[in-house]
Amino acid sequence: MLRLDIVHPIISGNKWYKLKHNLLHASQTGYESIITFGGAYSNHLIAAAAAAKAYNIRSEGIVRGTYAEAELTPTLQACKEYGMQLFFVSRGEYAQKNENGWLDELRMNYPGAYIIPEGGANEYGRIGAGEIANYIPRNFTHVCVSVGTGTTFVGLRNALPANQFLYGYAPMKGGKYLADEVKPHLTKDTNWELFDDWHFGGFGKQNQTLIDSMNEFYDINHIPLDIVYTGKMMYGILKQLKAGVFPHDANLLCIHTGGLQGNSSVTRLLRY
Ligand SMILES: *Cc1c(COP(=O)(O)O)cnc(C)c1O
């Protein structure tokens with residue numbers, strides 16, 4: 001397992017790689033701040049807040065859903081502590097986050113701000129994610145990674161040698177739709193596959209089976225998994241291993257993409 005969860009306590013996992021070139025661009029171009037988007041437990045939002053602070057650039061976060069000060073999640077509280085100014089919008093308005101008209105309005109209201117899409121899903125994000133491939137030796141036959149926007153997946157597929165298989169695990173219902181988002185950005189359309197069988201009811205949903213498997217994984221391997229992405233991915237991979245999906249001489253590398261701060265929603269259920 002490639003432990004990207006331990007690269008930084010807050011800017012953890014793949015998020016740092018996706019943000020890196022975005023922040024460099026913003027600071028080198030003279031932007032005053034970054035604006036980005038996320039939900040109340042978003043790994044991206046908290047990483048963006050912490051990374052912006054490290055780069056000495058202001059940050060604004062547009063949050064899906066309205067929360068009173070007293071109901072802020074630990075994630076949102078931490079974002080504020082890193083100096084991110086939070087704006088709460090309804091789910092309906094949030095859904096427009098990639099629409100040009102809405103983005104133009106945002107740019108007009110915040111002329112000095114560089115807008116980073118949700119999940120760091122842009123070309124800078126894909127290029128940064130590709131740098132994760134530098135840590136992956138060639139003797140691995142299969143590389144496994146969880147998929148949210150597909151940004152990390154694309155970066156990896158484009159950067160890894162073509163003969164290494166890249167398997168993506170989507171934690172949401174019908175997640176194979178992501179293939180359509182991934183394809184246009186691939187420079188090598190070869191040896192990749194997405195799986196969406198282990199969503200446990202949908203994005204952010206969970207049940208006792210998932211919790212048990214994460215606790216068991218921790219007992220055996222002493223590696224904490226996150227409830228949204230890597231817990232579901234490892235559950236799926238263990239099922240695939242039992243089902244003989246991988247050839248006998250396969251050499252698997254599973255990427256731990258971090259996200260452990262999101263476990264604040266289930267701390268009392270986990271043994272770690
Ligand atoms: C954000 C995130 C992902 C998904 O990354 P994408 O580049 O959006 O596909 C996977 N795992 C964890 C832990 C994450 O926080």
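Helices here are DSSP runs of H or I with at least four residues, strands are runs of E with at least two, and both are numbered from the N terminus. Before moving on, note that this is a predicted model, in which local features need pLDDT of at least 70, side-chain atom pairs count only at pLDDT 80 or more, and totals for chains, interfaces and linings use all residues. Residues are numbered from 1 along each chain as its sequence is written, and side-chain values use heavy atoms, with hydrogens and water left out.

Now step back into α10 itself, residues 230–242. Its 13 residues should span 18 Å at 1.5 Å a residue, and the end C-alpha atoms are 18 Å apart, so the two agree. (The expected span is 1.5 Å times one less than the number of residues.) Next, colour its buried residues, among them Met233, Met234, Tyr235 and Ile237. Buried means under 20% relative accessible area, exposed over 50%, and partly exposed in between, with a 1.4 Å probe and protein chains only. To see what covers them, show strands β6 (142–146), β7 (165–169), β8 (192–195) and β9 (252–256), along with helix α9 (208–221), which are included in that cover.

From α9, follow the loop towards α10 and stop at His222. His222 is not a glycine, yet has a positive phi of about 55°. Its relative accessibility is 56%, so His222 counts as exposed.

A second stop of this kind is Asn56, in the loop between α2 and β3 (58–64). Asn56 has a positive phi of about 60°, again without being a glycine, and is exposed with a relative accessible area of 75%.

Then pick Tyr41, in the loop between β2 (33–38) and α2 (43–54). Tyr41 is partly exposed, at 40% relative accessibility. Which residues does Tyr41 contact, leaving aside neighbours within four places in sequence? Select Thr73, Thr75, Gln261, Gly262, Ser264 and Ser265; a contact means heavy atoms within 4.5 Å.

Finally, zoom out to the protein chain, with its 10 helices and nine strands. The radius of gyration is 18 Å, close to the 19 Å that the globule rule gives for 272 residues, so the chain is as compact as a globular protein of that length. That radius is taken over C-alpha atoms, and the rule is 2.2 Å times the number of residues to the power 0.38. Buried residues make up 52% of the 272.
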